[in-house]
Amino acid sequence: MGDFIKELNIIDFLGLLLPGSFLLLMVNYTQTHKLTGLEFTAADIIFLIVGGYVVGSLLHDVWELIELAIWKVIVFFDPKVHAVKNAERVQKKARITLKKKARITLKKKASITLKKKARITLKKKANITLKNCVEKYFSIKVGMGKSLPFKWNTNDNVWIREADPLIQTALVEKGNYRKRIVFDGFHVMMRNLFCASILTIVIPLCVGIPVPLYDFLSEYIKNSLAVVIIIAAGLALMAWRSWHYAYLKYKYSYEDFMVLCADKNIKDKPVL
């Protein structure tokens, strides 16, 4: 058991164990009308860990497919297309700062010819985009196929959908790798908690039994409307935080990739 716990990573714990255990506790509450009904013996703990992991894994697999389908159909909800703009904006600011410092140095030291060449180089670098980096680094063209299911659903950054797997592969254990892993773990946790909460509401309503989350909060808050508002606000917050953590993961990924491309010798780039 100890070896099993040591092997758990942040996504296993945050994204699978917590949502799965939460769902089990809510199911248990419908039977006992107590938050746990458990004495947390060794058997109870093993049940929560193993059962929560299994249930959380099922939640993860199902709702990951649903999430990807939503992102594919509604481009506005896809955090990748928003992360591209922010990553390019951050890198552009960094290049502008570098450009100003280079101009000051050139003004003091360089000849007129060298100044002119340096300015041309800096001007070219200032126009670098993530798409240019992907195409040069992997020697491919992206965004050539039809990525959108509807003509009205347009966005200039949809090409990132086919490029993202390549970027993630190139960034393994590079740049802000640990930070990206943490944000991915929080994203999965919030998404699966949101889905578990939805199930604890929808399923009881469908079978005609009390909603456990509503009953639990009603013990402390007597106003029914206030309980409904709290539950709705909690669900909205979880959905928003899940999207925002996914966005941060992709934003740091694309920033790291642009830095990787700037540091990478073009002659050493992989060819697909």
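Colleague: What is the relative accessible area of tryptophan 243, and is this residue buried, partly exposed or exposed?

Modeller: Tryptophan 243 is partly exposed, its relative accessible area being 21%. On the scale used here, buried means under 20% relative accessible area and exposed means over 50%, with partly exposed in between, for a 1.4 Å probe and protein chains only. The model is a predicted one, in which local features need pLDDT of at least 70 and side-chain atom pairs count only at pLDDT 80 or more, whereas totals for chains, interfaces and linings use all residues. Residues are numbered from 1 along each chain as its sequence is written, and side-chain values use heavy atoms, with hydrogens and water left out.

The aromatic pairs provide the setting for this residue. Ten of them occur in the structure; rings of Phe, Tyr and Trp (its six-membered ring) pair if their centres lie within 6.5 Å, and planes under 30 degrees apart count as stacked, over 60 as edge-to-face and the rest as tilted. Phenylalanine 183 and tyrosine 245 form a stacked pair, because their ring centres are 6.2 Å apart and their planes stand at 25°. This pair joins distant parts of the chain, with phenylalanine 183 in helix α8 and tyrosine 245 in helix α10, 62 residues apart. Both phenylalanine 183 and tyrosine 245 are buried. Tryptophan 243 is itself stacked with tryptophan 240, since the two ring centres are 5.7 Å apart and the planes meet at 20°. These two tryptophans, tryptophan 240 and tryptophan 243, lie three residues apart in helix α10, so about one helical turn separates them. Tryptophan 240 is also partly exposed, at 43% relative accessibility.

The charged end of arginine 241 lies over the ring of tyrosine 245, at 4.7 Å from its centre. In the case of lysine 251, the charged end lies over the ring of tyrosine 252, 4.3 Å from its centre.

In soluble globular proteins, nonpolar side chains tend to be buried together.

The model has seven salt bridges, each a side-chain nitrogen of Lys or Arg within 4 Å of a carboxyl oxygen of Asp or Glu. In one of them, glutamate 67 meets arginine 191 at 2.9 Å, N to O. The two are 124 residues apart, with glutamate 67 in helix α3 (residues 42-73) and arginine 191 in helix α8, and both glutamate 67 and arginine 191 are buried. Another joins arginine 161 to aspartate 78, with the closest N and O atoms 3.0 Å apart. Here arginine 161 is in helix α7 and aspartate 78 in the loop between α3 and α4, 83 residues apart. Arginine 161 counts as buried at 18% relative accessibility, and aspartate 78 does so at 1%.

No disulfide is found, the count being zero, where the term requires a pair of cysteine sulfur atoms within 2.5 Å. The sulfur of cysteine 133 has its closest cysteine sulfur in cysteine 261, but at 4.2 Å this is too far for a bond. Cysteine 133 is buried at 7% relative accessibility. For the protein as a whole, buried residues make up 38% of the 272 residues.

Notes: Helices (H or I, at least four residues) and strands (E, at least two) are DSSP runs, numbered from the N terminus. A charge sits over a ring if NZ of Lys or CZ of Arg is within 6 Å of the ring centre and within 35 degrees of the ring normal.
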